Amino acid sequence: MNQQQRFEPRIVGFLCNWCSYTGADLAGVSRMKSAPNLRTIRVMCSGRVDPTLVLRAFQLGADGVLVAGCHPGDCHYQEGNYKAMRRVLLLKRVLREFGIDERRLRLEWISASEGEKFARVANEFTEQVRALGPLQLEEAPAAVAEPQLEEVRA
Amino acid sequence: MISLTINGTRTEVREGTTILQAARFLEIPIPTLCYHPWLKPFGACRICTVQVQRPRGYELVTACNTPCEEGMVIQTDTDHVRQARRVVVELMMARWPNVPIVQKLAAEVGLEKPRFISEMRDEAPDACILCLRCVRICEEVVGACAIGYEDRGIKRKVVTPFHEESEACVACGACAHVCPTGHMKFEPEDYRGKPPEFLLGPNTAIHVMTPQAVPKVPRIDRESCIHFKTNGCQKCVEVCEAKAVNHEMTDQELEIEVGQILVATGYDLFDASVMAQYGYGRLDNIYTALDIERMLNATGPTGGQIRLKNGQPPRAVGIIHCVGSRDENYHRYCSRVCCMYALKFAHLIKERCPEAEVYNFYIDMRAFGKGYEEFYSRVLHEGVNVIRGKVAEVVQAGWSKQEEGTLLIRCEDTLIGKLREIPVDMVILCNAIEPRRDAERVARLFGLSRSPDGFFLERHPKLDPVATSSDGLFVAGCAQGPKDIPDTVAQASAAAARMLATIAKGVVEMDPVRAEINEEYCSGCRVCNALCPYEAIEYLEDKNVSRVNSALCKGCGTCVAACPAGAITGYGFSDLQLHAELEGLLAVR
């Protein structure tokens, strides 16, 4: 039991129904291996992702949140993905205020034909969040960053 | 009106009519040479000489350019006229003895041998007889003025300016068309080694596309029509009695309101010249499947016969499958139709050139449909060679006189485990079916998704193969993926039936996923109004609230996420449901 257990992050993915969810489905149907850490929630459009949903996910203990929608210009609802992009951009600033590393929130464009991209993003993001470590909401980002630098110098 | 007498027949003609026109109207024959109905009369050859009675004696005039006068008395066949014409023909005969049209005129006037000897004698049967029809049509009809004549008298000559290639020439071929001797020649450039019949040449500037064209009406090819080059010509407008020719016609954009759309935009063929090792566009006698399909067609350029570029039937034909399909470098998918049409080609070539050897080079033989496997074995029994292996390259066989024009196919025969070189003189490439080059634009336009291979994505491959992710949009045929005719017909019928079913029902069933505003919570801030891509949210001024028109709402949920008061519920994806989902997902570590 002394052996250190690898940290398995919990990541919530909000996938739009028309592109990213279909892309995830394609990855599954094509039997592509991807990290099981990503737990997906289907929404009709990435524009449906309310910032409070993301904050709630972090509050409930998610270590990372992925928002995935159609490529710009491909939105089934014309421009929902642009709205998602604006929200995510602003939300990242808010996350900093909350002491959450903004890298824990990721926005990706995954089309229905990009099963392979979905698998890649899931794996990449899982590794990225794993490197960031478990989310500890009490810590301020500055407090996290400073000691790390000193460690490197030492 | 002017009244006159020709050969004793009285007639009335309009002012400005020439004697020739009046005579032709009365069906009195007058021979002509330099005259052409499209051109202004010129009076150069003097063959059309006729006799006009004058107060004192008579006068010989050229009929083509002499206008009729009141009370004219004209004789077209007197001794004087015959004598005059005879001398004219005799002089021509002396200079151009072998030109058929001169010989014909000589026979008409009963001349066997000219008395004169011309120092400009030209033995060629297609010599220029200086009628100058070519120069005149180029100026008067075409409007290009690319050719003219130099010098005078017997030294006159039809030339281009400075004897150089004329920049003004539009390569219309009108000069060759009106040339009575064939001296003017028009040779369209050969293109990519295809038989010239594959070209849309200038003599087909107006043509019916194919005998099966729908609607079966002629069209004008703007590329070769003279009118679009010089603004002249318009001869077709003059001759069309129905007044149906209209050069002003252009493409129109029409707006049509519809409830459902079937996207059946078809496919493009893989450009075989991209695979340089197969020599398409570089070597002669290499064709794509569609070229051969045209050649095999009974209305095609060869009347359905298989011919090499030199007009001979081939001795050996190689058919290469999977050009650009099932290939990591180009398209990974199978184009599905090639195996069967390649076998059909083999069968038809065997039928039309029984002496020819036919080789099929395949990776796997995919005879998947009803009756296909039987056809495959039938073709095998006809003596068609099938070689399992991908062709490495097609090269020119050699440079000796014997081998000239033949091709060599280098391939691996995986069934005997050997490299082989097979000499053929015709190669047919079965190039891949690929998505239309504007598929991305069409997909954007309709909000369609595309599968990784680029074809339009159906809603579900098994449960909903003709619908798309957008309501009221259906796909059929190769736009959705490569397929053969039976499959396309089946899919198109299914799509049509699906659309008709919707119409017959009279009502449209909609997804219950949509938004609703709780008017008690709504503060009337109107944030949602501007966000809705469908303008489904209206603002009720009297109540100071917004309301969703549920017939227009598609349920994207953008407004739900944006409402600062949380007054909007997105059915199917409400905050409550999504929060519950989140809690469930994150309950387990």
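Predicted model: local features only at pLDDT ≥ 70, side-chain atom pairs only at ≥ 80, totals over all residues.
**Entry 1**

I take a salt bridge as a side-chain nitrogen of Lys or Arg within 4 Å of a carboxyl oxygen of Asp or Glu. Chain A and chain B have three salt bridges between them.

Next I looked up polar contacts. Nine residue pairs, both at pLDDT 80 or more, are in polar contact between chain A and chain B. The term means a pair of N or O atoms within 3.5 Å; within protein, one must be able to donate a hydrogen and the other to accept it, and residues adjacent in sequence count only if both atoms are side-chain atoms.

**Entry 1: ground rules**

I number residues from 1 along each chain as its sequence is written, with chains lettered from A and ligands numbered from 1 in the order in which they are written. Local features need pLDDT of at least 70, side-chain atom pairs count only at pLDDT 80 or more, and totals for chains, interfaces and linings use all residues, while side-chain values use heavy atoms, leaving out hydrogens and water.

**Entry 2: the interface**

I find 37 residues from chain A and 34 residues from chain B in the contact (heavy atoms within 4.5 Å). The two chains bury about 3,000 Å² between them, 59% of it on carbon and sulfur atoms. Buried area is the accessible area (1.4 Å probe) that two parts lose on being put together, summed over both. Arg10(A), Arg48(A) and Tyr77(A) supply 21% of the area that chain A buries against chain B, more than any other three residues.

Is Asn360(B) buried or exposed? Asn360(B) counts as buried because its relative accessibility is 0%. The classes are buried under 20% relative accessible area, exposed over 50%, and partly exposed in between (1.4 Å probe, protein chains only). Asn360(B) sits in strand E14, residues 357–362. Strands (E, at least two residues) and helices (H or I, at least four) are DSSP runs, numbered from the N terminus. Beyond neighbours within four places in sequence, Asn360(B) contacts residues including His321(B), Ala342(B) and Asn385(B).

Glu412(B) is in strand E17, residues 407–413. Glu412(B) counts as partly exposed because its relative accessibility is 41%. Leaving aside neighbours within four places, its contacts include Arg388(B), Lys390(B) and Lys418(B). Glu412(B) and Val391(B) are 21 residues apart in sequence, yet 6.7 Å apart C-alpha to C-alpha.

**Entry 3: chain B overall**

I count 15 helices and 25 strands in chain B. Of its 589 residues, 44% are buried.
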